[in-house]
Amino acid sequence: MKLKTEARETLSTPWPHRHRHILDLDDFSPGDVELVFNTAEAMKEILSREIKRVPTLRGKTVVTLFYEPSTRTRASFELAAKNLSADVVSVTSTTSSVVKGESLVDTIRTLESLGADVIVLRHPCSGAPNLAAQSTSVSIINAGDGWHAHPTQALLDLYTVREVKKKLDGLKVVIVGDVLHSRVARSNIWGFSLMGADVVLCGPPPLLPSWWGKAYPWVRLEWDVERALDGADVVMALRLQLERQGGEAGLSLREYIQSYQINGPRLALAKADALLLHPGPVNEGIELSPEVSQGSQSFIQAQVSNGVAIRMALLYLLCGGGA
C-alpha cells in the first residue's frame with residue numbers, strides 16, 4: 001500500500017492485542033484512539049485518489065452480519081472492506097438460517113468455518129457482540145447492539161470534531177435528545193471523555209433519567225436545553241428512537257420539538273464556530289430544524305464520509321496491518 005510519507009511511521013505502530021475485537025471504547029486508551037485517527041488519515045489519502053482501492057487486505061474476508069436495518073454503517077463497512085480489496089459477504093437475519101431458529105453463536109461459528117476473518121455485527125440485543133467474541137477466534141466489530149454501544153460511530157464522531165477543531169481536550173460537547181435509548185450516546189461519553197472533552201447530556205427527564213449521573217458521574221446532566229447549549233463547542237442531536245420506546249417519553253412530538261429541537265435560535269446559544277453533528281438518520285423537523293441541518297455549522301455529511309476512512313483504519317489494524 002502506497003501511503004503518504006508522514007503516515008508510514010504511524011502504521012508501523014503495533015495494534016494492541018487486547019483489541020482483537022472492537023466492542024466499545026471503554027477499554028481504549030488515548031493512544032489507541034490516536035492510532036486509529038492517524039491510520040484513518042492514511043485511508044483518507046487513498047479515498048482522495050481517482051481509483052480508491054489498494055490490495056492491502058486481499059485474501060481476507062469481511063462478513064457484515066446485520067440483525068437490524070442499516071444504511072450508513074453497513075454501506076460504509078462494505079465500502080471500507082472493498083477499498084482494501086477484502087472479500088465481502090453480506091448476511092441479514094431475514095435471509096439466513098436465523099429464520100429457521102439458528103442461534104447467534106451457531107451463526108458466528110458457521111461464518112468462522114466458512115473462512116471469515118472479521119465479522120461486523122449489528123444486533124438488537126445489548127451484549128450480543130460480547131457473546132459473539134467469546135464464541136470465536138474471528139475478530140468481531142460491534143456495529144451497534146441494542147441500547148449499549150456503537151464504538152465505530154463514536155470514533156468517526158471524535159475524528160470529525162478533531163479534524164475541524166484540531167483538538168478534543170477541553171471542548172464542551174453537548175449531546176441532546178433521546179439519551180436513554182442511544183448506544184451512540186453511551187460510546188460517545190466514553191470517547192469524548194477519554195480524550196479530555198467535557199460532556200453535557202440534555203433531554204426530557206423520561207429520556208434522560210437522573211440515574212445517568214450515577215452511571216457516569218463525570219458527566220453533567222442538564223434538562224434545560226438553553227442552559228446546556230450555552231457556550232458549546234460541539235452540539236450532537238440524537239435521533240428520537242420511536243421504535244425503541246414504549247411510550248415512556250411522556251411527551252408528544254410537538255412538545256419535544258418545542259422544548260428540545262435544535263433550531264437556529266438555540267444553536268446560536270453555542271459558540272459561533274460550534275459544530276452540529278447527528279449520527280443519522282435524521283428525523284428532519286424533529287431533532288433538527290431544516291435551517292440548521294443543512295446550514296454551515298452542520299457536519300453531518302462529513303461524519304458519513306469520515307465513517308469510511310475510520311472503518312478502513314479499523315479493518316486494517318484488526319487484520320494485522322498495525323502489527
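Mentor: Contact here means heavy atoms within 4.5 Å. Keep in mind that this is a predicted model.

Trainee: Fine. Then what does His150 touch, leaving out residues up to four places away in sequence?

Mentor: His150 touches Thr73, Arg122, Asn142, Ala143, Gly144, Arg183, Val184, Ser187 and Arg311.

Trainee: And where is the place of His150?

Mentor: His150 is in the loop between strand 4 and helix 6.

Trainee: Is His150 buried or exposed?

Mentor: Buried means under 20% relative accessible area. His150 has a relative accessible area of 4%, so it counts as buried.

Trainee: On to helix 6. How do the axes of helix 6 and helix 7 cross?

Mentor: The axes of helix 6 (residues 151-165) and helix 7 (residues 183-194) come within 8 Å and cross at roughly 50 degrees. That angle makes helix 6 oblique to helix 7. The crossing is right-handed.

Trainee: Which residues meet there?

Mentor: From helix 6, Pro151, Gln153, Ala154, Asp157, Leu158 and Val161. They meet Val184, Ser187, Asn188, Gly191 and Phe192 of helix 7.

Trainee: What about helix 2 and helix 6, at what angle do they pack?

Mentor: Helix 2 (residues 30-47) packs with helix 6 at about 75 degrees, and their axes are 11 Å apart. The two helices are therefore roughly perpendicular to each other. On the helix 2 side the residues include Val33, Glu34, Val36 and Phe37, while helix 6 contributes Leu155, Leu158, Tyr159, Arg162 and Glu163.

Trainee: Which part of the chain gives the largest share of the largest nonpolar core?

Mentor: The largest nonpolar core has 66 residues, and those with the most contacts inside it are Phe192, Leu201, Trp212, Ile310 and Leu315. Helix 13 (residues 300-321) gives the largest share of this core, 11 residues. There is also a second, separate core of 23 residues, with Val174, Leu207, Ala228 and Ala274 among them.

Trainee: Pick Leu201. What is it in contact with, beyond neighbours within four places in sequence?

Mentor: Leu201 is in contact with Ile175, Val179, Ile189, Leu208, Trp212, Val219, Arg220, Leu221 and Glu222.

Trainee: Different topic. Which residues of helix 4 are buried?

Mentor: Helix 4 covers residues 104-113, and its buried residues are Leu104, Val105, Thr107, Ile108 and Leu111. They cover an arc of only 160 degrees around the axis, so they sit on the same side of helix 4.

Trainee: What do those pack against?

Mentor: Strand 1 (61-66), strand 2 (87-92), strand 3 (118-123), helix 5 (128-134) and strand 4 (139-145). After helix 4 comes Gly115, which has a positive phi, near 105 degrees.

Trainee: Last one, Leu275. Where is it, and what does it touch, again not counting residues up to four places away in sequence?

Mentor: Leu275 is in strand 9 (residues 275-277). At 1% relative accessibility, Leu275 counts as buried. Leu275 touches Thr160, Val161, Val164 and Lys165, all of these being in a list that also has Asp233, Val234, Val235, Gln297 and Phe299.

How values were computed. Residues numbered from 1 in each chain as written. Predicted model: local features only at pLDDT ≥ 70, side-chain atom pairs only at ≥ 80, totals over all residues. Heavy atoms only, no water. Buried < 20%, exposed > 50% of the residue type's maximum accessible area, 1.4 Å probe, protein only. Arc of directions from axis to C-beta. Core = buried A, V, L, I, M, F, W, Y, C linked by side-chain atoms within 4.5 Å. Axes fitted to C-alpha atoms, helices over the stretch in contact; angles between N-to-C directions. Parallel < 35°, antiparallel > 145°, perpendicular 65-115°, else oblique. Left-handed = near helix turned anticlockwise from the far one by under 90°.
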